[in-house]
Amino acid sequence: MIEVRGVSFSYDGAAAVREVNATIGRQQLVALTGPNGSGKSTLLKMLARVLAPASGVIAFEGRDIGAWAPKEYAKRVAYMPQDADPAFPMRAIDVVVSGRAPFLGRFEWESDSDYEAASRALATCDASDLADRYLDEMSGGERKRIFLARVLAAEPKLILLDEPLASLDLLHVQQVSALLREIVTRTEATVVYATHDLNWAAAYCDRMLVMQNGALAFDAPPAELMRPDVVRRLFGFDARVVGGWIVPGV
């Protein structure tokens with residue numbers, strides 16, 4: 001589905017992503033993790049075409065992503081940034097239906113079917129009760145679910161999420177983690193998401209990619225990451241594995 005070949009990016013001369021190579025196929029749930037500043041968000045932005053690589057190639061469905069018309073790419077690839085959390089006075093349902101914009105013609109308004117898709121997305125995110133509330137009346141976690149529903153409303157084939165579990169309470173961390181797995185299984189979409197939560201990622205993901213200093217340092221199934229020696233090497237702390245979960249070492 002998407003292939004990254006030798007991709008690098010720098011901010012004002014400081015390397016943020018260095019020579020990353022990865023291939024992600026259809027119907028995969030992939031967690032992108034690593035320390036702060038390791039390049040996770042920058043890599044997601046390049047996949048989403050928010051940033052253009054300084055070098056290397058990113059191909060989606062066999063074509064360089066730069067060769068896709070913006071609207072056609074937006075129909076297939078949806079992105080939720082880490083800071084998609086503005087608290088302006090707009091109803092949740094109107095935010096979510098805006099995810100259907102790539103499917104609308106010029107000067108065309110959303111139809112009943114677009115609002116039906118938005119309502120389904122809200123229900124999927126356990127947020128139907130928020131449909132008529134305004135964003136500035138919501139908690140950060142509630143707004144996070146609204147913006148996730150906006151992504152799902154477009155029914156994309158590749159979903160890119162930057163820290164979708166941040167600001168969620170424990171119940172919704174579990175629900176969203178399970179939801180991402182369900183999306184992959186039910187819709188055959190691929191989901192790539194950045195997270196710092198190794199345990200929830202390992203519980204549901206097919207693959208875990210770990211960034212270190214801008215480079216891809218690890219790419220393997222969760223079981224290969226959830227080992228004390230690997231966690232120590234990649235994250236720099238001592239840990240134990242208890243029931244398949246990483247806990248601080250003692």
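1. An open sheet is formed by six strands in the order β6-β7-β8-β3-β9-β10, with mixed pairing. Strands (E, at least two residues) and helices (H or I, at least four) are DSSP runs numbered from the N terminus, and two strands pair if DSSP finds at least two bridges between them. At the edges lie β6 (77-80) and β10 (215-220), each of which pairs on one side only. On average, neighbouring strands of this sheet are turned by 15° against each other, direction ignored; axes are lines fitted to C-alpha atoms, for helices over the stretch in contact, and angles run from 0 to 180 degrees between N-to-C directions.

2. The model is predicted: local features need pLDDT of at least 70 and side-chain atom pairs pLDDT 80 or more, while totals for chains, interfaces and linings use all residues. Residues are numbered from 1 along each chain as its sequence is written, and side-chain values use heavy atoms, leaving out hydrogens and water.

3. Ile159 has Val191 in β8 as its bridge partner.

4. Helix α5 (residues 140-153) packs on this sheet and touches β6 and β7, its direction making about 170° with that of β6; contact means heavy atoms within 4.5 Å. Helix α9 (residues 228-235) also packs on the sheet, touching β3 (29-33), β9 (207-212) and β10, and its direction makes about 165° with that of β10.

5. Four strands form an open antiparallel sheet in the order β2-β1-β4-β5. Its edge strands are β2 (14-24) and β5 (63-64).
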